[in-house]
Amino acid sequence: MKIDIEPGSGFCFGVENAVNIAEELLTEGEKVYCLGEIVHNDIEVNRLKNLGLVTISYDDFAEMRDCKVLVRAHGEPPSTYETARRNNIYIIDATCPIVHSLQEKIKRVLVQARKENGQIAIFGKEDHAEVIGLLGAANGIGILITGIEDISKIDFTRPVWLFSQTTKSTTEYEHISEVIEQRLRANRDKWPGNHLKVHNTICRQVSGREPRLRIFVRQHDVIIFVSGRKSSNGKMLYDICLSENKRSYFVSSIDEINPMWFSGAESIGVCGATSTPRWLIRQIADAIGEICQKHGI
Ligand code: SF4
């Protein structure tokens, strides 16, 4: 059986950076609290927990004083930094630089949007940590667009600045942008100021991966996609796998693998989300090899 790991699989650099920062601090013997799970992958969260990383909730954070707290790659809204200042909490900021620059862009646009009585729309997943940070940067005027069904929240008589969460699908974002533009155009005779500015804010590590992943998936008889179930990027990439190859299976751990999936196959491709550690993907690929050997596949 031929078993390949997709070269682009493994942590994106933003998540890798946050995990490295946590590991370095833990190695130095620091007490490290992380605000929310450092990555949407339970196995990696447990590995870091065993090294001493303590995950805290927002309620815990509000009650804490005089300590160090790690902000993960997804970033945080300004209110988190205000709480930290008030409670004398030292923030170890592992916000991904791309997410940080997106937050700053939204803050700059906010000034212009207020001048023009405009709206800031953010395409993203509800309650996702990065999206909470982006809505926080939009300081109360951000409109969350989770999908095409949400665009009715937009007032088409006023200007719109559109942003996307970094890990969303490019195709879906383009579609949403087009529909918003059409609706604005339909109102433009009466409301000539209702322009749309689309900001290209999907991370290149995500958008660049999509076409390469499609090719990889087509080249294999069976695809094993490894991801935590809470990962929105994992869901999006797995949908891409399924659209290219019906024999694509989503697993979070080795014990979810069913040997029947490999029957009659000659090649298996293993890949994962930007929140799936490379070591886990490697481990699963090795386990698949053993399973195939054991069952004579
Ligand atoms: S997907 Fe891109 S923007 Fe998001 S954390 Fe990873 S590197 Fe940063």
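Visitor: Into which domains is the chain divided?

Guide: The chain falls into domain 1 (2-9 + 207-294), domain 2 (13-96) and domain 3 (98-165 + 168-201), with bounds that come from an automatic or database domain assignment. The model is predicted: local features need pLDDT of at least 70, side-chain atom pairs count only at pLDDT 80 or more, and totals for chains, interfaces and linings use all residues. Residues are numbered from 1 along each chain as its sequence is written.

Visitor: What makes a contact between domain 1 and domain 3, and how many residues does the contact take from each?

Guide: Two residues are in contact if their C-beta atoms, placed from the backbone, lie within 7 Å. The contact takes four residues from domain 1 and five residues from domain 3. The centres of these domains, taken over C-alpha atoms, are 33 Å apart.

Visitor: Why are S6 and S7 called paired?

Guide: Two strands pair if DSSP finds at least two bridges between them. Strand S6 (residues 119-123) and S7 have four bridges in the parallel sense, and therefore they count as paired. Strands here are DSSP E runs of at least two residues, and helices are H or I runs of at least four, numbered from the N terminus.

Visitor: What makes strand S7 an edge strand?

Guide: In the open sheet, ordered S7-S6-S8-S9 with parallel pairing, strand S7 (142-145) and strand S9 (196-198) each pair on one side only.

Visitor: Which strands does helix H7 touch?

Guide: Helix H7 (residues 170-187) packs on the sheet, touching S6, S7, S8 and S9.

Technical notes. Axes are lines fitted to C-alpha atoms, for helices over the stretch in contact, and angles run from 0 to 180 degrees between N-to-C directions.
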